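Reader: I am new to this structure. Could you walk me through it?

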Amino acid sequence: MGALNGLFGYAFLVPLLMVASFAIVGLAGGRLKRLEWGGWVAVAFSGAAMVVGVLISVGEMLSPSSYTNVQYTWLHLPPAPGTFPNGFELVVGTLVDPISALLLLVVTVVGFLVMLYSIGYMHHDRGLPRYYAELSLFLAAMTGLVLANNLLEFFVFWELVGVCSYFLIGFYYEKPSAASAAKEAFLVTRVGDVMFLLGIFLYFSTYAQAGPAGGWAANGFVFVHGAQPFVPVGTGNGTTLTIAGILILGGAAGKSAQFPLHVWLPDAMEGPTTVSALIHAATMVAAGVYLLAVTSLFLGFTATDSLVIVAIGGFTAFFAATMAVVHPDIKRVIAYSTISQLGYMVLAIGAGFAMVGLYHLFTHAFFKALLFLAAGSVIHAVGTQNLFQMGGLKKRMRLTAAAFAIGGLALAGIPPFAGFWSKDDILAAVFSQLGSHPAYWPFFLLAFAGVFLTAYYIFRAWFLAFSGPTTRDPTLPEAHEGPWVMQVPLVVLSGFAVVAGLFVFLPGFPGLLLNGAGVAGIPPHYGTTELLLSGASVGLAAAGIGLAWFLWGNGRVFVLPESSPAQPVCRLLLARYHFKEAYDWVGLRAVYTVARAADFVDQYVIDGTVHGFERAFAAISDRLRRIQSGIVSDYAAYVVAGLLLVFVLLLLVAPWIVARLGGS
Amino acid sequence: MLPILSLVLVTLLVGTVATFLAGARARWVALGVSAVFLAEVGTLFAQYPGWPGYVNGVPGFADGQSVPWIHLGWLQVNYTVGVDGISLIFILLTAILQVATVVYSWGEERRPAAYFGLVLLTCLGCFGVFVALDILLFFLFWEAVLVPMFFLIGYWGGPRRRYAALKFFVYTHVASIVMLVGLLALAFYSGAASFDFSAVYAAAPTLSPVVQAFLFLSLFFGFGVKFPIVPFHTWLPDAHVEAPTGGSVLLAGLLLKLGGYGLIRWAVEVLPEGLAHVRPILFFVAFLSIGWGSVVSLAQRDLKRMVAFSSINHMGIVLLAIALGSSLGLLAAVLLMFAHGIVSGLLFMTAGSVHHTFGSRDIPAIGGITPTTPALSTMIMVGSLASLGLPALIGFPAEFTALLATWNGLGYWVMIPLGILVVTASFYLWMMQRMLFGPARGVPAEAHDVPWYEGAGMGLLVALTVLFGVLPGLLVNVIVSSPIKGFPGT
């Protein structure tokens, strides 16, 4: 059974291929006669990686199983009293199971398409070998993360995708804003990473002794497979586990840009649009969601954790959508949308439906990458990201306009496009849990309201960019479609954005989402209530699109009157609720002021004391110098005094000290 | 069987003398000596699979050799050397940094014979400290290190070199005296049969806990100033800023490690009960150093000074790991020191190259150097990322182990070093943002990328940073499976 399952042992080839691509392009790319050739090398390698990735995921669909391979003792740690009485080995290896196959499919397919698209999109740029090398390294780290078989290995690759993201956000490093955004992204996610690491320690020390079948005790952080997590979602107790779950959520919030660590993602749009599509929409930012899913499947969250996760996810879904409503920058609108959609996924996992969250992760990866690449196509053509300068582009860019529209419909949740199925499942899933805790209600309602905003903001962007007679800024260049390398990914991703939601009806695919457990849960049980809910959400989405058309359609530009009571709200949204200012104030002003003060103390108080001793010794030695008077009777007096002192020390003080100390 | 440790000492001694006399060819002689040194260390590692079989002469140590030296009644001083897994790692570090420093300093024009001779002499002293198993021999090498470093700073250093050299010498010398008194008191009070480590180790448990605690504190002060611990650290930034690049590399890479090694070997292993009594003091000092080093780094304008303060932060984590008193903590401390030796060596080299290339190390005054000096810029990135603990680089396995050991030993106190990791990341990233990225600023028109020898010296360290970051087991297995005295249960 499962002719393709033999491949599972070779899953390590995927990251290895991309490491090879990184090495070749990085070392030799600059010496090639034409710099694009390095790009074609990367395309070839990511194509090969995609073939392996797709075959593995098909294999998992045909016969779900979990397969661990390539065990290598990365660190052999000695015993420590207390938690780790026997010492332990940290083993690295690859784990192929249904959910990692799902992610592998997403990462390799989108990765390949983005590589291909880059050939056209990036051809003007200097530093091409650096670009393709870093993107290859990113894909290596991301596939490594997906295939990690234990939390520590997961963390290692988690950090590596983070640093690749850092370099790619700062790809145009001559621009101060890009360099600053890269730093911001690294530091904000670092806050989450620190929490994640502590969470790992907590889980590890909890399970090191209590794990099933000695799996944890012997192998440290290995994900042990079983039908049930150690603590089934929402049922566990224990303060340590609750704290551990919250810390893991902190890590996920950093990576997936959830409130309050969301600030970096919009600024990360300083990177090339291809990078935004791959890293900041489809894959890396979804790693946080994947982490939550993996944790809920293998480790389990307590009831308190679930509530906090629902709160963060539900609030972020709405909160980020509000900022997308007013933004003039096409990429940032999509970036806020990404934060919001990740919030939906987090919400689903918090409600106990990891499979639904992963389902949305899957569909979202395709339609969001599509939206970014379509936006990239527009930016490539007109050279601006400001929606208010664009307009009327659908005449000259039919393919791009259609692709963006398909992506928009999928995002808005209009049937039968991909987003409808998964977003609807999330709402139904959370709805089904409303009875478990009354506190779920507000977050469900926020998520529901977010549906309207989502449809509105994405079609506002579409109408602003594509509808109307002509561009609002006449100085923009004549728009044109990109070369075929850019068009092919748009077409392929459009196809996915239409059909990806229907994948659940394929036999075997739900198994990927459910990690092989044969539970009938996808789509959740549909009764009359769920159908009504579904109808309501589609109605809301349609209303959002309608409002967008009313305000922005046919080249209209809606201007909020100065006297409108909504003006302060609008300004607050444009200012992104002042989060960035607040963080800058803490990071740049407060911490830096403390650092300056500490530096002052270091130089003038601590080192000043040292100088004080220096001067004191100089003064004392100057006095002592005068004792050497050259008069013999003086010296004789010193000798007698010295002898007396020695006698006192030896006869009285020393025995007393020895007696007190009890020494021999 | 060859007494290989003594052979190394002879090699380095003869090599140093030869280098001093070699005149213009000194760099070649120094390189040759370094190559022989590296080969000898390689031989040591090659014996490693048969580890227990090589324990001879000195119990618990490999390649041991003990020869009577000064025997006057109760004064029993021996020439005793030997290695265990811990000292082996430090010996490897010494050999690596010696080669890297010699290669990096290839272009030294001012009295090269004296310069390379002093570099070799410093490494000789450090090697001696790492293998000496007799109090007097240990102290001899310990003090021998100060002299060449004093001259390296005082002659080849920056504008305030005299002040810095004197401060370095007096400050650490005072600490050495305290340490010597502590060691001698330890030997005499415990009634050890000789000054040998094994004799002192065997006799120390007879001391009362209070005496052990006081002795431990005096040793801690002596070794701690070398770490350096806050508030006895102010000699370090001055010495680093004024030292020539090679001097800085050895200072940060090896001299700071003497403190850590000494504390493990002569205090923690010999006086575990003393440690148990004063542990809270060590924890307090460690947390203070971790926080202080990192926060003050953030305020620095001089690249070298920033790296110097980051050393205080990293050595604070080392102290924390040592103070935990678990074998996991000891492993972490040794790994951290090795990692810090490689990475801070690399960072000080980059700081030196920045100074040569741009005529300044002032971070706000230089900007956007990446297009001009891509290789140097890459080295700075690797060094910074390794220092802030990025996985796949050498700092991560060490820091991870240290934090895990801290969590195991101290529970939620681990949040202090964990939280400081964010500050550490921020000062490195901010430096990179200002110096490497953005529009070019303060870049002379004639500036070009680093010369080959500087690139080779840094490249060696970069390669090792990646190698040991990906495969930390290469080091850990050596440490863990050797007969280490301090490791409970082994």
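Reader: At what angle do helix H3 and helix H17 of chain B pack, and how do they run relative to each other?
Author: This is a predicted model, where local features need pLDDT of at least 70 and side-chain atom pairs pLDDT 80 or more, while totals for chains, interfaces and linings use all residues. Residues are numbered from 1 along each chain as written, with chains lettered from A and ligands numbered from 1 in the order written. The axes of H3 (residues 85–104) and H17 (residues 452–470) of chain B lie 7 Å apart. Their angle is about 155°, which makes H3(B) and H17(B) roughly antiparallel (over 145 degrees).

Reader: Which residues of H3(B) meet H17(B)?
Author: On the H17(B) side, the partners include Tyr453(B), Glu454(B) and Leu464(B); contact means C-beta atoms, placed from the backbone, within 7 Å. From H3(B) come Ile96(B), Val99(B), Ala100(B), Val103(B) and Tyr104(B).

Reader: Which helix of chain B supplies the largest share of the side that touches chain A?
Author: Here 51 residues of chain B are in contact with 47 residues of chain A. Several helices of chain B each supply at least two residues, among them H8 (209–226) and H13 (327–358). The largest share, 10 residues, comes from H16(B).

Reader: Is helix H5 of chain A largely enclosed or open?
Author: H5(A), residues 151–169, reaches 26 Å from its first C-alpha to its last, close to the 27 Å expected at 1.5 Å a residue. A residue is buried if 20 or more other C-beta atoms lie within 10 Å of its own. In H5(A), 19 of the 19 residues are buried, so the helix is largely enclosed.

Notes: Helices (H or I, at least four residues) and strands (E, at least two) are DSSP runs, numbered from the N terminus. The expected span of a helix is 1.5 Å times one less than its number of residues. A residue is buried if 20 or more other C-beta atoms lie within 10 Å of its own, exposed if 12 or fewer, and partly exposed in between; C-beta atoms are placed from the backbone. Two residues are in contact if their C-beta atoms, placed from the backbone, lie within 7 Å. Axes are lines fitted to C-alpha atoms, for helices over the stretch in contact, and angles run from 0 to 180 degrees between N-to-C directions. Angles under 35 degrees count as roughly parallel, over 145 as roughly antiparallel, 65 to 115 as roughly perpendicular and the rest as oblique.
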